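Dear colleague,

Please find the structure below, followed by a short account of what was found in it.

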Amino acid sequence: MIDLSMVSDLIKNKPASETEIQESEDILQAKLPNVYKDLLRNTNGFSIGGGVAIYGTEDIVERNETWEVDEYARGYVSIGDDGGGNVFLMLQNEKETEVLIVDSGDMDPSHATVITSDFIEWVNSGCIISESEQKTISEPPDTCNIVLAKTPNGGLKDLIRIKNV
């Protein structure tokens, strides 16, 4: 059960209506997790101390479009952010309770970390992001692909330098 009474520096909104929740799902073409919808019925989004924000129905569509979640994290929905460039993701699944955190510049869920497996407990405790609780989903790769738009001025020598780096 959602209980935000112990969260300090909380700025919460009035509860969302079922219509507002359904409209958000329709626009996103996604099934929001039930625990997140329960939160929206309690408060249509909130912020904590000017940092962490959990999106309400007015923000979730715009933020998911801004973060391009459908393109870079297909099957997920962004439910909030930490105010410092990290985004909270949940699987588009009614029974989902796990929350991931990922850098907004790299929305790939395989590069995300799990910050909680219990959404309700996490919200009730003030959305604390503890380094010790985070576990990486997968290690980032040691290599990457580089695409050059044109041949470097130094020719083959510069290509070798790029390869070595």
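Arg41 is partly exposed, at a relative accessible area of 34% (buried is under 20%, exposed over 50%, partly exposed in between, with a 1.4 Å probe and protein chains only). This is a predicted model, in which local features need pLDDT of at least 70 and side-chain atom pairs pLDDT 80 or more, whereas totals for chains, interfaces and linings use all residues. Residues are numbered from 1 along each chain as its sequence is written, and side-chain values use heavy atoms, without hydrogens and water.

Arg41 forms a salt bridge with Asp38 (2.7 Å, N to O); the term denotes a side-chain nitrogen of Lys or Arg within 4 Å of a carboxyl oxygen of Asp or Glu. Asp38 is partly exposed too, at 36%.

The count of salt bridges is six. Another of them joins Glu25 to Lys37, with the closest N and O atoms 3.3 Å apart. Glu25 belongs to helix α1 and Lys37 to helix α2 (residues 34-42), so this pair ties together parts 12 residues apart in sequence. Both Glu25 and Lys37 are buried.

Beyond its neighbours within four places in sequence, Leu39 is in contact (heavy atoms within 4.5 Å) with Ile2, Leu4, Phe46, Ile54, Phe119 and Val123.

Yours sincerely

Methods:
Helices (H or I, at least four residues) and strands (E, at least two) are DSSP runs, numbered from the N terminus.
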